[in-house]
Amino acid sequence: MMMGSEKMNNSMEIEDENIEKTKISLMRILVEKQDPSSKEVEDGALRRFLRARDLDVEKASNMFLKYLNWKRNFVPNGSISPSEIRHEIQQNKMFLQGWDKKGRPIALLLAARHFQHEGGVDEFKRTYFTFQTSTNSQNVLVDDDFEFSLTGFIVYLFDKIITRMPPGQEKFIVIGDLKGWGYANSDIRAYLAALSLVQDYYPERLEKLFVVHAPYIFMTAWKVVYPFIDPKTRKKLIFVDNKSLKSTLLEEIDESQLPATLGGKLELVPIHNS
């Protein structure tokens with residue numbers, strides 16, 4: 001019975017793969033027709049956008065074309081330079097180190113070190129960002145002149161993580177440590193911008209976000225952000241109780257790859273030094 005069941009599962013997996021390949025081909029035809037530069041894009045990238053839209057070719061194509069347009073305008077040189085995001089780097093709040101048990105890179109955020117932008121005019125100009133998202137027919141629009149450096153910093157972070165991915169791996173893990181977080185660290189606009197990047201421009205990249213040491217007052221900000229998180233992303237967010245913090249993280253991450261600040265053995269490595 002087991003062998004018959006396994007054969008059936010294998011057949012279904014093969015069928016699903018064939019359907020996905022066919023839809024990727026259809027998606028490629030659509031996007032290349034509207035944006036010839038997409039010819040250079042690998043199938044893996046198209047697959048992520050396709051999966052983000054539940055294999056709906058038209059929706060995935062529109063999403064991908066929007067991404068290409070954003071990428072051209074926001075990152076015209078192809079990458080973000082540390083000199084363009086000095087304010088964020090100086091806060092020394094993001095660390096990139098280790099891999100989980102499946103080879104996914106791990107990023108650690110010390111949220112209590114984040115403060116709203118106080119940088120100079122040049123950095124502000126570099127990081128113009130318009131945020132627009134909709135969830136359950138609710139729309140949020142941040143004015144065109146809304147600007148902040150966190151957007152460029154997140155793109156810098158994602159690009160750093162992606163370059164560390166081993167062959168065949170497409171996703172990463174984030175641990176958000178909120179120990180010491182207070183109202184001075186609250187930045188709703190930045191949270192919404194980060195959310196937009198993850199959902200709209202880097203779909204199917206985040207495997208899980210572990211939120212640890214979350215203080216009660218954080219829930220005030222969380223209630224504002226939560227309605228704008230799509231169902232797929234919500235499933236990736238895990239609030240970890242302090243009592244089971246280390247045991248929960250060890251289910252996904254070996255102790256040798258866990259930050260020392262969370263009971264592991266790795267010393268913190270700032271993102272710009274990784």
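The buried residues of H2 are Gly44, Ala45, Leu46, Arg48, Phe49, Leu50 and Ala52, where buried means under 20% relative accessible area, exposed over 50% and partly exposed in between, with a 1.4 Å probe and protein chains only. Helices (H or I, at least four residues) and strands (E, at least two) are DSSP runs, numbered from the N terminus. The model is predicted, so local features need pLDDT of at least 70 and side-chain atom pairs count only at pLDDT 80 or more, while totals for chains, interfaces and linings use all residues. Residues are numbered from 1 along each chain as its sequence is written, and side-chain values use heavy atoms, with hydrogens and water left out.

**Exercise 1.** State how many residues of H2 are buried, and describe the residue aspartate 54.

*Solution.* Step 1: seven of the ten residues of H2 are buried, and the helix is mostly covered. Step 2: aspartate 54 follows H2 and has a positive phi, near 50°.

**Exercise 2.** Describe how H2 packs against H3.

*Solution.* Two packed helices are described by the angle between their axes and the distance between the axes. Step 1: the axes of H2 and H3 cross at roughly 125° and come within 8 Å. Axes are lines fitted to C-alpha atoms, for helices over the stretch in contact, and angles run from 0 to 180 degrees between N-to-C directions. Step 2: H2 and H3 are therefore oblique to each other; angles under 35 degrees count as roughly parallel, over 145 as roughly antiparallel, 65 to 115 as roughly perpendicular and the rest as oblique. Step 3: in contact (heavy atoms within 4.5 Å), Leu46, Phe49, Leu50 and Ala52 of H2 meet Val57, Ala60, Met63, Phe64 and Tyr67 of H3. Step 4: the residues of this contact are nine nonpolar, no polar and no charged. Here Ala, Val, Leu, Ile, Met, Phe, Trp, Tyr, Cys and Pro count as nonpolar, Asp, Glu, Lys and Arg as charged, and the others, Gly among them, as polar.

**Exercise 3.** Describe how H7 packs against H8, and state whether valine 224 is buried, partly exposed or exposed.

*Solution.* Step 1: H7 (residues 188–201) and H8 (residues 218–225) pack at an angle of about 50°, with their axes 10 Å apart. That makes H7 oblique to H8. Step 2: Ile188, Tyr191 and Leu195 in H7 meet Ala221, Val224 and Val225 in H8. By class, this contact has six nonpolar, no polar and no charged residues. Step 3: valine 224 lies in helix H8, and its relative accessibility of 41% makes it partly exposed. Step 4: although valine 224 and isoleucine 188 are 36 residues apart along the chain, their C-alpha atoms are separated by 7.7 Å.

**Exercise 4.** Identify the residues that touch the most other members of the largest nonpolar core, and the element that gives the most to this core.

*Solution.* Step 1: a nonpolar core is a set of buried Ala, Val, Leu, Ile, Met, Phe, Trp, Tyr and Cys residues joined through side-chain atoms within 4.5 Å. Step 2: of the 43 residues in the largest core, Met27, Phe64, Trp70, Phe153, Val155 and Phe158 touch the most other members. Step 3: H3 gives the most to this core, with nine residues.
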